Amino acid sequence: MLTSLLDSLQNGDARRLAWAIGSPSLFDAANPAWQGRLRTDAWSAQELARCTDWLHAIDREPATLQASLGDPLVNTPLGHTFEKFVLFWQAARPDVRAATRGLIVRTAGRTIGEFDVVLLRHDGVIETLEVTVKYYLNLHPELGMAGCFGPRAFDRMADKYNKMTTRQTDLGHTEAGRLAICRWLETTCGEKRTPNDLIVENYALARGYVSHPSADSLIPLELSPQHGRGLWQTDEHALPEDSESVWRNLSSREWLGPYRGVAAESGWPNDPAMPRMYARLVPHGSLWTETERRFVVRAESGLLKAV
């Protein structure tokens with residue numbers, strides 16, 4: 001369903017919103033470590049079906065979505081942009097009365113955490129959503145999660161997985177977390193509640209891609225079998241070429257889901273220290289459509305020495 005919907009949407013940000021809603025989970029939601037908190041692919045498919053008409057309406061008039069995302073020429077962390085997509089989608093749910101993102105949790109003047117997205121439903125229940133979009137390179141398949149790193153060497157899949165399955169999705173059950181929610185309810189929603197009054201449901205949403213050294217590489221058991229996939233290589237070798245496709249460097253929010261558009265690059269900001277994400281494009285009418293993607297890493301990069 002996602003593929004056909006993406007084919008029918010013309011606006012790039014509407015397509016990225018559809019991908020945020022309906023793309024496969026990065027991690028396997030059936031793993032007991034999640035305690036049932038990770039949103040499943042079945043849930044995502046239901047959400048995508050519910051949102052189809054809404055997405056087509058946004059595709060025709062994307063101004064409100066684009067205003068919520070901000071100027072793509074302003075260098076913004078991709079994770080923050082993805083949270084904006086998720087908030088825009090979740091805040092529009094018919095059962096949601098109020099929503100916010102980036103709710104800081106402090107105790108004794110010290111920041112101890114942050115809720116990525118908080119929702120107040122019409123039935124009074126609070127939902128928290130830990131949101132992540134990650135792009136890992138499977139540098140050492142034999143090591144499982146320990147061999148997977150983000151574009152920066154300090155971004156390790158094993159660390160993120162351990163935080164998401166414990167501390168980050170437990171925050172809504174802590175006294176400090178509940179006090180932060182109570183303050184938000186009072187200041188923004190005009191509701192006075194105590195921490196003990198709250199009914200809190202904690203969830204997580206994980207999207208992204210893992211780039212492997214080959215199509216048949218071993219993958220960590222914690223990954224969803226349907227996770228977004230690509231390949232990685234070093235800049236010692238040229239990207240494979242053929243007469244029917246071109247490679248395009250993806251920038252900023254263009255990383256969010258399969259690209260379709262013009263072959264010329266957008267000029268949006270790219271961190272020069274990061275590996276480059278390239279999409280192979282083939283003609284699709286008057287535009288170009290992504291068929292695969294690759295991370296290209298500098299051969300002398302410290303990332304390759306991370307393990």
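Q: With which side chain does the side chain of serine 251 make a polar contact?

A: A polar contact is a pair of N or O atoms within 3.5 Å, where within protein one must be able to donate a hydrogen and the other to accept it, and residues adjacent in sequence count only if both atoms are side-chain atoms. Here the side chain of serine 251 makes such a contact with the side chain of asparagine 270, at 3.1 Å. This is a predicted model, in which local features need pLDDT of at least 70 and side-chain atom pairs count only at pLDDT 80 or more, while totals for chains, interfaces and linings use all residues. Residues are numbered from 1 along each chain as its sequence is written, and side-chain values use heavy atoms, with hydrogens and water left out.

Q: Is serine 251 buried or exposed?

A: Buried means under 20% relative accessible area, exposed over 50%, and partly exposed in between (1.4 Å probe, protein chains only). Serine 251 has a relative accessible area of 4%, so the residue is buried.

Q: How many disulfides does the count come to?

A: A disulfide is a covalent bond between the sulfur atoms of two cysteines, and the rule used here asks for a pair of cysteine sulfur atoms within 2.5 Å. By this rule the count is zero. Cysteine 189 is in no disulfide, since the nearest cysteine sulfur, that of cysteine 182, is 11 Å away. Cysteine 189 counts as buried at 19% relative accessibility, and cysteine 51 is buried at 2%.
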